[in-house]
Amino acid sequence: SAMDQVKFPPGYQQVMPYLIIKDAAGLSAFVQNVFHGKEVLREMRDGTRIMHAEVKVGESTIMFADSTEQFPPCTGGVCIYVEDAEETVSRALAEGASVLQPVTEREYGRSGGISDPFGNTWWVTSVK
């Protein structure tokens with residue numbers, strides 16, 4: 001199929017979220033502390049603003065940058081699978097997130113929703 005022809009760099013995925021927010025350094029710390037992410041790239045626009053950064057969570061990459069006048073905030077919603085949804089949401093709350101939907105048992109696993117301090121929504125799910 002045509003999809004088999006698409007080329008992208010090793011270590012990346014064909015589809016990756018790109019979030020533009022007011023505190024990219026804060027988001028990086030949040031993803032590292034809550035989802036055990038690892039920042040793999042940070043390019044600065046100037047002494048304080050991030051032009052482009054990448055955090056890997058497992059095999060997935062989240063790209064993000066600080067907003068500017070030219071590129072206003074563009075937050076997003078992310079679905080993420082974790083080992084323990086309750087534990088992950090607890091870490092998120094300790095990092096300033098708020099609960100949108102409590103973690104409950106669903107047909108597809110234990111799942112809930114949070115809003116991070118940067119305006120993004122995370123749907124956190126653990127599957128047995």
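Tutor: Because the model is predicted, local features need pLDDT of at least 70 and side-chain atom pairs count only at pLDDT 80 or more, whereas totals for chains, interfaces and linings use all residues. Residues are numbered from 1 along each chain as its sequence is written, and side-chain values use heavy atoms, with hydrogens and water left out.

Student: In what order do the elements of the protein chain run from the N terminus on?

Tutor: Helices (H or I, at least four residues) and strands (E, at least two) are DSSP runs, numbered from the N terminus. The protein chain holds two helices and eight strands. Read from the N terminus, their order is β-α-β-β-β-β-α-β-β-β.

Student: What radius of gyration does the protein chain have, and why does it agree with a compact globule?

Tutor: The radius is taken over C-alpha atoms, and the globule rule is 2.2 Å times the number of residues to the power 0.38. For 128 residues a compact globule would come near 14 Å, so the chain agrees with its radius of gyration of 15 Å.

Student: Is Ser28 buried or exposed?

Tutor: Ser28 belongs to helix H1, which covers residues 24–35, and, leaving aside residues up to four places away in sequence, Ser28 touches Glu39, Arg42, Val55 and Phe64 (contact means heavy atoms within 4.5 Å). Buried means under 20% relative accessible area, exposed over 50% and partly exposed in between, with a 1.4 Å probe and protein chains only. Because the relative accessible area of Ser28 is 1%, Ser28 is buried.

Student: What is the phi of His36, which is not a glycine?

Tutor: His36 lies in the loop between H1 and E2, where, at 58% relative accessibility, His36 counts as exposed. Most residues other than glycine have a negative phi. His36, although not a glycine, has a positive phi of about 55°.
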